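Biologist: I would like to learn how to read a model of this kind, taking one feature at a time. Could we go through it together?

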Amino acid sequence: MFALLLIFLVTPTGNVRGAEPANGVVVFRGAKIYPVSGPAIERGVLVVRNGKVAAVGAEGQVSVPDGARVEDVSGKVIIPGIVDTHSHIGIGSRPAVPANEDINEGTGPLQPGLRAMDAIYPEDVGIRMALAGGITTANIMPGSGNVMGGQTVYVKLRGKTIEDMLIPGAIGGLKMANGENPKHYGSRGQAPMTRMEEAALARKEFVKAQEYKRKWDDYNKQVAAGSKDAKMPDRDLDLEPVVEVLEGKRIVQHHTHRADDIMTVLRLADEFKFRVVIHHGTEAYKVADELAKRHIPVSLIIIDSPGGKLEAVNFDLRGAAILEKAGVKIAFHTDDFINSSRFLIREAALAIRGGVSEETALRALTINGAEMLDLEKRVGTLETGKDGDLVVLSGEPFSVYTNVLETWIEGEKMFDRSRPEDLRYATGGFQVAGRYPALKTGDGGMHASAAQGGGR
Amino acid sequence: MRSRGMNWRKISLWVCAVLILCAAASAQKTAIIADELYSMAGGGPSGQPGVVLIENGKIVDVRPGHEAPAGYEVMHAAYATPGLIDAKTTTGISGEYNIPADQDQDEVTDPNTAEVRAFDSFNSAERLLEFVNTYGVTTIQVAPGIVNPVAGQAAIFKTRGPESPLMTAEELAVKPVSAIVFNLGESPKRAYGEKQKAPETRMMTAEIIRKALLDAQVYEKKWEDWNKSDKKDASKQPAHDLKLEAVAAGLRGEILVIFNAYREDDIDTALRLSREFHLKPIISSATEAYLMRDTLKAAGAAAFVGPTLERIDSLETMNATVENAALLSEGGIPVALMTGFEGYVPKNRVLLFEAAVAAVNGLGFEKALRACTIDSARLLGIDGRVGSLEKGKDADVVLYDGDPFEYTSHVTAVLVDGRVTYRQK
């Protein structure tokens, strides 16, 4: 009984990780640092103070503050914390059983009033697996079953409550979708049954929001002019976030695959002047010029093979490179559960196989995603003043032989591969950690040889 | 032995004839020169410079060095390996569109469809077949899906690539019938339970399989008795039953017996059934197999692991680990890698990527390569033809511009039976 109690006491409960106080100073010394904001630093020093990057530079050029906790990361590689622009962790918790399914409110195709944050389970193991993949910031979204799926939430992967996870000042995006998925209503004899109707539903909602905004603008003008009998319009929780979209405060995060569907999004964006990120963008490479001339970014999912649905059959590993060449800003996302958050870096590596430059691939995991979420002032690069969110890697970012060793958020270590309880979130087997057999050929030997370019 | 075996023999003969014709069509001499040649043959090059000489679709010599004799068309590569062998997949019967029109892997009308053959669903024009070929997969065991407790018969095929002519299933077949496949776990009970039909529980899934095995045993006995008899009274000859035939072939050990199972207890059920009917089981998917290595070893079971990138998602895959292949291999259990079945996006896994993930998660380069070449061939019983680069074997070769397992490397060319099926543009 006492032993049991002891286990209970030392077992981390909930989602609270990172024993280090955020107000301390942590210094990472000796690693090759990819700050992304500038060229790689071969042997760098990175100082994180009070959760923010206080200094970054070459060894010898950045002084180590007295009393700082020094992390010797010689021979390792540091990149900024990874930004996943499209995830369903927490909102589609594991295991995937109906009790945990809170992604799609399939009772109507227009749900802009819904907020993802009302359905997020911070103890979802998916969040810990995402940390094991080096993800520090995520855009958690409702699903793509609706034309307007709801308000997305931009979070850091920390804390016990969704409030802890929130990023100050970030209001999130509006999830929209077109193409195959919202058409599922058709099988019930409900709208939308066609792509035409999907677009019409979106257009009608935007027109309603324009009207609603005009009413409020008029009212506010009257109040500002000193009117006493101005009548306050009724509030509409569905239209408020759509108005924020029209005002450019909230970005439309739009699921869309096929080139013609992407063009429908651009048509709506041209018409209603909203800011939009194209998500998945399977056929974005076919309309790269249209995207480039409008400066519309694309958050891509890099999947292993084409298909699984008609709108994904023209997936091409070379697509990301075509977009890069056309001058379209790209990011990569997991759409977790579609791809595992543990392997988001792998997506970027596969895009390199398809022709993307390593530089763009790294930006696409970090700063580009941050920009797509209006978070570029806070995350995405390792620059003085930005959040101390970083990933310590065992080697070069895009090698299969490289592992995520540590993930830090604002100066707190959230994942450490050397901790047995964390390791299982990287490999799998966390539920049976007590019975998990020891792997004789595990980590050590493998990666020592890999460092010499071998790994066999 | 018996007339009912004749159909398969006829097919095999016909397949042989077609293969001879194909070989004749590719009567050219090719030399593959690789900086690092992994022959996967005992005593053959393993990571050293090497040359593979090919004539008429077969390997005629494998030698160290960089020199090819005159008269050969030369292809250069940084790395070369044997063609990769997917131990179990639905590629070719589960199309990339994922619409009813191209899904032919699960005959969900009867929980026992032992009589169905993947061969008869196989669409040799399927684009995913060409797709996997571009990633070095040259041989696949195509098995019915994961829904029916008694799912039917698997077949082994070569793959076509973008440069291949359209070939029929017969032309691509290596073994028209290679295995009988049983499914345990969530999928059967989900599919039938929704329709208020059996099986609704794991108990019933096991019972359906047990009954199929028992019926086949009885059937087998009847035929034995008939064959031993003087065969005078034709009315006493047992009636042919294609369902029972198929399961009986598994009982006799003529074809492989594969149980697809994820959870530990489901794998245990597979072993229990195997003990009852003296089967030598192969566990496919085998998600939690790493938790029961000693049991599996004692049962003489082998595992088709994967996909390594299996999602930690449903209840039965919650304990999936990327170290499964490594742990099983360390535990002395024969392992081959498979891509299995994917029901959504992406529609197919890539064997090369699965092997890469297994390699860096404990299995190591050499063993991971074995698990998708020679070890896979051995478990499938086709190592006389494929799985390693050795004199006399089929000239199935993959060329790479870097470490095959690095995400950023490329497959530069693929040869099947000596013909280039894919060439990087």
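This is a predicted model: local features need pLDDT of at least 70, side-chain atom pairs count only at pLDDT 80 or more; totals for chains, interfaces and linings use all residues.

Biologist: How are helix 6 and helix 7 of chain B oriented to each other, and at what angle do their axes cross?

Modeller: Two packed helices are described by the angle between their axes and by the distance between those axes. Here the axes of helix 6 (residues 202-228) and helix 7 (residues 242-251) of chain B come within 8 Å and cross at roughly 85 degrees; the two helices are therefore roughly perpendicular to each other, as angles of 65 to 115 degrees are counted. Helix 6 of chain B contributes residues including B:Ala212, B:Leu213 and B:Tyr219 to the contact, while helix 7 of chain B contributes B:Leu244, B:Val247, B:Ala248 and B:Leu251. By class, the residues of this contact divide into eight nonpolar, one polar and two charged.

Biologist: How many residues of chain B are in contact with chain A?

Modeller: The size of an interface is often given as the accessible area lost when the parts come together. Here we have residue counts, with 44 residues of chain B in contact with 41 residues of chain A. The largest share of the chain B side, five residues, comes from helix 11 of chain B, and that side has 23 nonpolar, ten polar and eleven charged residues.

Biologist: Where does A:Gln190 lie?

Modeller: A:Gln190 lies in the loop between strand 11 (174-177) and helix 4 (195-224) of chain A, and A:Gln190 is partly exposed, with 13 other C-beta atoms within 10 Å.

Note on methods: Residues are numbered from 1 along each chain as its sequence is written. Chains are lettered from A and ligands numbered from 1 in the order in which they are written. Axes are lines fitted to C-alpha atoms, for helices over the stretch in contact, and angles run from 0 to 180 degrees between N-to-C directions. Helices (H or I, at least four residues) and strands (E, at least two) are DSSP runs, numbered from the N terminus. Angles under 35 degrees count as roughly parallel, over 145 as roughly antiparallel, 65 to 115 as roughly perpendicular and the rest as oblique. Two residues are in contact if their C-beta atoms, placed from the backbone, lie within 7 Å. Ala, Val, Leu, Ile, Met, Phe, Trp, Tyr, Cys and Pro count as nonpolar, Asp, Glu, Lys and Arg as charged, and the others, Gly among them, as polar. A residue is buried if 20 or more other C-beta atoms lie within 10 Å of its own, exposed if 12 or fewer, and partly exposed in between; C-beta atoms are placed from the backbone.
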